[in-house]
Amino acid sequence: EQNLLTGLDLKLSTSTFQGNKNASLFLFGLQSDTKNTNGKNTAWGSQLVYPNDLIFARLGHHQIGENFIAGMGFVPRTNIRETYAQLNIGPRPNKWGIMQVIFGGEFNYITNLESSELETREIEIKPLGIRFLSGEQISFSLINQYEMLENDFNIFRDYSIPKGKYNWWQNEIKLTTKGARNIWGEATCGFGDFYNGKRNDVKLLINWKVAVPFFAGATIIRNHIELPEGNFTANIYQFNANILFSPQITLYNYFQYDNASKRAGWQSRFQWIVKPGNEVIVVWNPSFTEQDERFLINQSVARLKLKYNIRF
């Protein structure tokens with residue numbers, strides 16, 4: 001399918017060095033031209049960011065047409081109008097081993113572009129987050145989620161959630177260790193309601209800086225869902241191994257398996273930055289299917305991407 005993507009990106013920034021205050025405004029407009037589509041192929045939006053230490057604020061809005069195709073990139077959803085905002089306040093008491101206390105919240109509001117009907121709404125309230133002088137961080141969040149399902153949602157194998165409108169609350173506790181250590185990690189625990197049932201989540205992440213230039217990491221995600229029609233547990237296993245030959249030449253390897261599809265995927269990406277703005281990227285993407293207690297490769301794709309910037 002042939003696709004032509006044209007557009008304009010514009011970013012405006014302002015900084016005040018007294019007090020290290022800065023802000024930026026980002027604007028974009030894109031249009032795709034694809035065969036067998038007629039109109040509704042534009043995407044545009046803007047974002048205002050105030051990314052400072054005591055106060056971090058973000059406000060944005062964008063619209064994505066029903067027939068907009070991002071070409072080599074992607075968009076998570078089309079035919080939507082999305083508004084989002086975030087506000088965090090982070091004073092630094094520098095007492096009791098605490099570097100910074102962070103509290104605030106954010107929201108995401110998505111409506112249908114044609115009917116303006118609410119499709120998704122997410123509100124996150126963070127009453128407390130603490131960054132310690134040792135580098136560790138801990139936070140607690142309350143999350144309110146609204147989803148409108150136009151059709152039955154097949155969530156896991158033979159389990160489905162009936163179409164309708166749903167509103168529920170979740171709780172999340174997150175602990176992160178200092179990233180500057182050779183071994184560091186993250187643990188997240190979530191619990192609460194979920195559509196017409198209950199949900200408990202556990203996410204464990206560990207990264208190991210083996211030795212220059214080798215890096216390895218692993219993530220385990222476990223979601224236990226309780227629905228009126230029954231219970232199930234969805235597991236995702238992720239592993240990555242990277243080799244940093246130099247600041248300009250890197251090799252990334254990423255592997256993932258989930259017990260819902262019983263499929264595994266692997267991405268190997270070689271990146272050579274000839275000079276800033278000019279890059280050579282080679283990507284290999286094989287996928288595997290579990291059959292008779294072993295994995296068989298069912299697809300393999302290789303891609304070459306050349307990036308060259310002209311400055312004037």
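This is a predicted model: local features need pLDDT of at least 70, side-chain atom pairs count only at pLDDT 80 or more; totals for chains, interfaces and linings use all residues.

User: How many helices and strands does the secondary structure have?

Analyst: There are 0 helices and 19 strands in the protein chain.

User: And what box do the C-alpha atoms fill?

Analyst: Taken along the principal axes, the box is roughly 60 × 55 × 50 Å. The accessible surface comes to about 19800 Å², and carbon and sulfur atoms account for 58% of that surface.

User: What part of the contacts joins residues 24 or more positions apart?

Analyst: That part is 39%, counted among contacts with a separation of 6 or more.

User: Switching to charges: how many positive and negative side chains are there?

Analyst: The protein chain carries 32 positive and 28 negative side chains. The centres of those two sets are 9 Å apart.

User: Let's talk pockets. What volume does the largest pocket have?

Analyst: Its volume is about 450 Å³. The lining of this largest pocket is made of 18 residues.

User: Which of them lie nearest its centre?

Analyst: Those are Ile143, Gln170, Glu172, Arg199 and Asp201.

User: Which strands supply at least two residues of that lining?

Analyst: They are β8 (137–149), β11 (164–176), β12 (183–194), β13 (197–211) and β14 (214–227).

User: And which strand gives the most?

Analyst: That would be β11, which puts 5 residues into the lining of the largest pocket.

User: Where is the cis peptide bond?

Analyst: Look at Val212 and Pro213, which are joined by a cis peptide bond with omega of about 15 degrees. Pro213 belongs to the loop between β13 and β14, and both of those strands also supply residues to the pocket lining.

User: Why point that bond out?

Analyst: Because most peptide bonds are trans.

User: Where do I find Asn94 and Ser116?

Analyst: Asn94 is in the loop between β5 (80–89) and β6 (98–112). Ser116 sits in the loop between β6 and β7 (118–132).

User: Is Asn94 buried or exposed?

Analyst: Asn94 is exposed, because its relative accessible area is 51% and exposed means over 50%. Ser116 has 46%, so this serine counts as partly exposed.

User: What about Asn278, buried or exposed?

Analyst: Asn278 counts as buried, because its relative accessibility is 7% and the cut-off for buried is under 20%. Asn278 belongs to strand β18 (residues 278–291).

User: Which residues is Asn278 in contact with?

Analyst: Setting aside neighbours within four places in sequence, Asn278 is in contact with Trp272, Ile273, Lys307, Tyr308 and Asn309.

User: Great, thanks for the tour!

Methods
Residues are numbered from 1 along each chain as its sequence is written. Side-chain values use heavy atoms; hydrogens and water are left out. Helices (H or I, at least four residues) and strands (E, at least two) are DSSP runs, numbered from the N terminus. Contact means heavy atoms within 4.5 Å. Accessible areas come from the Shrake-Rupley method with a 1.4 Å probe; for residues, only the protein chains shown count as cover. Lys and Arg count as positive and Asp and Glu as negative; His and the chain ends are not counted. The place of a charge is taken as NZ of Lys, CZ of Arg, CG of Asp or CD of Glu. Buried means under 20% relative accessible area, exposed over 50%, partly exposed in between (1.4 Å probe, protein chains only). On a 1 Å grid over the protein atoms alone, a cavity is a set of points where a 1.4 Å probe fits but cannot get out, and a pocket is an open set with protein on both sides within 12 Å along at least five of seven lines; lining residues have an atom within 4 Å of a point. Grid points are joined across faces, edges and corners, and a volume is the space filled by probe spheres set on the points.
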